Amino acid sequence: MTTTNLPGPAAVAAAAATIAPYIRHTPVLRAELDGRPLVLKLEHLQRSGSFKLRGALTALLGGDRPEHVVTASGGNHGLGVATAAALLGLPATVYVPETVPETKARRIEEAGARLVRHGGTYAEAAAAATDAAAAPGARYLPAYDHPDVIAGQGTVAAEVVAEAPDVDAVAVAVGGGGLAAGTALAAGDRATVAVEPEHCSALHQALAAGEPVDAAVDSVASSALGATRVGELPFAILTAASVRSVLVTDAELLAARDRLWDEFRLLVEPAAAVPFAAWLAGRVPGELPCIVLCGANTDR
């Protein structure tokens, strides 16, 4: 896969039209907290409990229809693929690491997919899924390193821009980089702020190295943000867009998750609170930033 495959803003617009019959157009909430205004994008209300459905649908509705969909996931992408496959009448198999949260594993199976636990990390599950997808009629659907997936994820920010055009920055959590890359494509001249836990920071380390590198994964948010290496395509998009990379601690993101509940009665998973944690700490620029709450697949 080369950078000639990079999608652009037009691909995001096309994806929005393609997936519109299947997704929820999630609301934005204008608020003020600690004397500062902000906009919250309530993407945790999406079908399947996260933004991942958007990219999965965009990819599956583009190109030839497979007989069987195979993917690997820490949980949310698997839920998105399982839900997308069910909506399109396709069988799906989802490989997950053995550490997958039981809530996510159960929901993947309830969506109709076959669940396979394999290995201790996302990378190990992905290797097994790639091998399985070599069977005739099967198609492997990457979690983030695919142009259609990136374009689909960009529809989150496209909705923000359409409904809150005065937003001047969009902050998102980062795992493999698909949501952040899609945001950079759709945000126009607004700043894209890519936020990661400090011990689960594949993008931050890639930016420091000048290329994607292997990174350790050790965070309470790792089931959703546990990519050991940022995707090649997301990295190319994000470096071209001069994204702002920000880190938060596990203590900060857990406190931010609790604050979302206390202030707004919004219940999200730890990964979804990551950009809000950065905003609370004053690390998100802009007079009116949008914080994307990307998922709600939690046991709490």
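Student: How do strand 2 and strand 10 pair, parallel or antiparallel?

Tutor: In this predicted model, strand 2 (residues 36-41) pairs with strand 10 (residues 289-292) in the parallel sense, over three bridges.

Student: Which residue in strand 10 is the bridge partner of Leu40?

Tutor: Ile291.

Student: What holds paired strands together in general?

Tutor: Strands of a sheet pair through backbone hydrogen bonds, and the pairing is either parallel or antiparallel.

Student: OK, what is the strand order in the sheet?

Tutor: The order is 1-2-10-7-8-9, in an open sheet of six strands with mixed pairing.

Student: And which are the edge strands?

Tutor: Strand 1 (28-33) and strand 9 (244-248), each of which pairs on one side only. From one strand to the next, the twist averages 30°.

Student: Now helices. Which strands does helix 6 lie across?

Tutor: Helix 6 (residues 147-163) lies across strand 1, strand 2 and strand 10. Relative to strand 2, helix 6 runs at about 130°.

Student: And helix 11, what does that touch?

Tutor: Helix 11 (residues 250-264) packs on the sheet and touches strand 1, strand 2, strand 8 (191-197) and strand 9. The direction of helix 11 makes about 100° with that of strand 1.

Student: Different topic. Where does Ser242 lie?

Tutor: In the loop between helix 10 (232-240) and strand 9.

Student: Is Ser242 buried or exposed?

Tutor: Ser242 counts as exposed because its relative accessibility is 62%, and the cut-off for exposed is over 50%.

Student: How far apart are Ser242 and Pro212?

Tutor: They are 30 residues apart in sequence and 15 Å apart in space, C-alpha to C-alpha.

Technical notes. Residues numbered from 1 in each chain as written. Predicted model: local features only at pLDDT ≥ 70, side-chain atom pairs only at ≥ 80, totals over all residues. Heavy atoms only, no water. Pairing = 2+ DSSP bridges. Helix = DSSP H or I, 4+ residues; strand = E, 2+ residues; numbered from the N terminus. Axes fitted to C-alpha atoms, helices over the stretch in contact; angles between N-to-C directions. Contact = heavy atoms within 4.5 Å. Buried < 20%, exposed > 50% of the residue type's maximum accessible area, 1.4 Å probe, protein only.
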